[in-house]
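Trainee: Could you go through this structure with me, slowly, as I am new to reading models? I will ask things as they come up.

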Amino acid sequence: MYNFSRRVTRIKRGNGVDNMQYDHIVIRYGEMSLKGKNRKHFIAQLKENLQKKLFEFPDAQLYKTRDRMYIQLNGENHEKVMERCQEVFGIQSLSLAIKVPNDLDEIKKGSLYALTENKEARTFKITTKRPNKQFPHGSQEMNQILGGYLLSNSEGYQVDVHEPDVEIRVEIRHDAAYITSRKVPGAGGLPVGTTGKTLLLLSGGIDSPVAGYLAMKRGVSLEAIHFFSPPYTSERAKQKVLDLAQVLTRYGHDIKLHIVPFTRLQQKIYQYIPEGYAMTVMRRMMLRIGEELAKKRSILSLTTGESLGQVASQTMESMNVINEVTNYPIIRPLVAMDKLEIIDISKKIGTYDISIRPYEDCCTVFVPKQPKTRPRREKIHQFEDQVDFSKELQEAVDGIETLTFKEEQTATENKFDDLL
Amino acid sequence: MIYLDNSATTRPYPEVLKSYQKAASQYYANPSSIHHFGGEAEQLLSRARNQAAALLDVEEEEIIFTSGGTEGNNLAIKGIALEHQNRGRHIITSQIEHPSVLEACKALESMGFEVTYIPVDHYGKVNPDDIQKAIRPDTILISIMHVNSELGTIQPIDQIGMIADQYPKLFFHVDHVQGLGKVPLHLKKARVDLCTMSGHKIHGLKGTGILYVRKGIKLHPLLHGGGQERNQRSGTENVAGAVSMVKAMRLIFEEQNQQFHHLKSLSRQLRECLKQDERIRINSPQDGAPHIVNLSVPGFKPEVIIHALGKRDIYISTKSACSSKHADESAVLSACGLDPKYTKSALRISFSYLNTDQEVQTFCTTFRDVLHELKEVMG
């Protein structure tokens, strides 16, 4: 059960790989290649998004060839750059690569590095491609040469051609040989900014940030709207939303957050609308304000974190009467997801820990004892007709405060900078 | 004054004190209070945690703010032992750990745990093979310090980490109190599970520290209460303390990047000057930490030398300050197998980035004078 003889160093000395290092990242885009005429536009957008993503790594350089992009690392930490690139939509897969001259010894050293650098690997496979037919050794022959070299210059590895832990791909091109391994999946989807803009209704909860993330996955860029009801909801509840918007910039770079002063309108709703219907009316007001803002900002759709049947406002009947107030398409990426699936995504994208901070938002403060799960349309009309909300609605729209988040800045950083 | 006892504690940086003062006076609210003022304190704490994580290249949730080295070591060792005793009750450590590690292990022994104390070579170095051999199916923890506080010996943490990593049920704790800011250690690359750090050894304040706990590891808390620090360490957060710790960490890392050679050069100068006197034996290894030089002058009582130097406003120490209250022999040097004439006459000189070449020169001349003078008296 315990293997006491496990090697600590797995590479035999004196092979000259000490100064080897991954110097490139290869970026492949998948679905985008299908998109006919748009292709050029999509690739340009991806390049722009990646360029922005590399702000942390001033020495890294991005360049594009016909069907791929490359990041030349110039000494930047390859693991970190890979991690960041995995947040960019529109990438199918990424690999680490070493570029070496077309020289057998150099290729050997490079492959040895690619193998031993991966500490988890136990088995490997070599796949050589040789577009450069000038190179004296055929690809099959290369596989054998390199396999033999790796086995005799390392310890504890075995060849497994069917399910290797690490596949080392050697591509002998005309300019140089590229040795890649560690192929990891990209975030998939389409580059943010290629399919228009949506307005996300962002609460402090678990669902809405995930909905925003998924919308962005389909290439949409995001603006967000948040309904703020002080003193019923606290500064910290608002802070949650700011922090969530900040996290979402990892996937969409710039995000504008519109904060709507909602207290007056909410008070009036709870004053005049029967308790069971107040929540439904409140939701309708939110959509009205959302649509108004979207019009002003030339945004063509709204996005919500609704998931069918999750709470009272998300039954079929509620959605029907709530949706009635707008003609704008409402994107509901979570509509068919289970709560646990949503939680999994929110953990993966880094919003979960913020979302579960225990502060009230405007949706939880005024929860009635028994909200109507099946609100009736005529009733809603009847109640809303009896009260004139136009003044409060206008005030809410006029009072909107807009904040812009960018990935490279943290909202609360400046205030404490001199302390830390 | 020439202060050469920086492994005992350091002088707080003025910037650190300023941060502490500002944080303590402006953000004194309880981070758990729900009002806005409490919210600001909470934000400040979370910014501090965020920065600590960035400096150590780990994640925020892996940072626990503590009161310092002793608490960190106790929390790591007892916390793992008590939480995971169902998996096994065997712990591996070395013979030359800090008392807060050794005594915590002894306390666990009295509760029925078994502890293997790995021996060290003449320079205080642990052999990774010995650790490999000591691992049993019921071993739950390996605790090895990075830099020894008396000798400056650097332990092969990377190699031990690789060994520990082969056993999924085995946790690896590193006491990094002496190494922080002086000898680089990358926690993730070295596969460290828990790591103790202290503020006052890096020009921060006493009563501040960090315990790194790798994500997913659960500890049995030493302090139960309000559930602060992710339930691992209750008690109202010391926000200003945490801020000062992180500030000190940022500054010491800057020094480490820029001034690393300065420490080496101080140590080289000192060694060269000490070599001229053949009565002196240098106990520290050549390849040890650059800020600690341990030496013995057989026949001279270390306390007498300390006091004689102290009169001239020069401060060095005998052994680690925490062990100084026990018998006059250095347990660390005994464990290295040195002759009693050396273990009973050991002195430690420890530098910080603030020390200068001039100070080393002055120390050397004064030290020579003191030895000469004492020889006449004692002889």
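Trainee: Is α3(A) mostly covered or mostly open, and how many of its residues are buried?

Mentor: Before the answer, please keep in mind that this is a predicted model, in which local features need pLDDT of at least 70 and side-chain atom pairs count only at pLDDT 80 or more, while totals for chains, interfaces and linings use all residues. Residues are numbered from 1 along each chain as its sequence is written, and chains are lettered from A and ligands numbered from 1 in the order in which they are written. As for α3(A), the helix is mostly covered, with 10 of its 13 residues buried. A residue is buried if 20 or more other C-beta atoms lie within 10 Å of its own, exposed if 12 or fewer, and partly exposed in between, with C-beta atoms placed from the backbone. Helices (H or I, at least four residues) and strands (E, at least two) are DSSP runs, numbered from the N terminus.

Trainee: What do the buried residues of α3(A) pack against?

Mentor: They pack against β4, β5, α4, β7 and β8 of chain A, and among the buried residues are I107(A), L112(A) and Y113(A). Packing here rests on contacts, and two residues are in contact if their C-beta atoms, placed from the backbone, lie within 7 Å.

Trainee: How far apart are the end C-alpha atoms of α3(A)?

Mentor: They are 18 Å apart, which agrees with the 18 Å that its 13 residues should span at 1.5 Å a residue, because the expected span of a helix is 1.5 Å times one less than its number of residues.

Trainee: New topic: which residues does UniProt list for "binding site"?

Mentor: The unreviewed UniProt entry lists L201(A), L202(A), H226(A), F227(A), R283(A), G305(A) and Q314(A). UniProt positions are given in the numbering used here, feature names are shortened, and annotations may be inferred rather than shown by experiment.

Trainee: Where does L202(A) lie, and why does L202(A) count as buried?

Mentor: L202(A) lies in the loop between β9 and α5 of chain A, and L202(A) is buried because 30 other C-beta atoms are within 10 Å. Leaving aside neighbours within four places in sequence, its contacts include S208(A), A224(A), H226(A) and V241(A).

Trainee: And H226(A), is that one buried or exposed?

Mentor: H226(A), which lies in strand β10 of chain A, counts as buried, with 27 C-beta neighbours inside 10 Å. Not counting residues up to four places away in sequence, H226(A) touches L202(A), V241(A), L257(A), I259(A) and V260(A).

Trainee: How many residues does each chain bring to the contact between A and B?

Mentor: Chain A brings 13 residues and chain B brings 23 residues. On the side of chain A that touches chain B, helix α6 (residues 235-252) gives the most, with three residues. The predictor gives the complex an ipTM of 0.75 and a pTM of 0.75.

Trainee: Over in chain B, which strands does β7(B) pair with?

Mentor: Two strands pair if DSSP finds at least two bridges between them. Strand β6 of chain B pairs with β7(B) in the parallel sense over three bridges, whereas five bridges join β7(B) to strand β8 of chain B, and these run antiparallel. C195(B) has V174(B) as a bridge partner and also Y212(B), which is in β8(B).

Trainee: How many residues of β7(B) are buried?

Mentor: Five of its five residues are buried, with L194(B), T196(B) and S198(B) on one side and C195(B) and M197(B) on the other.
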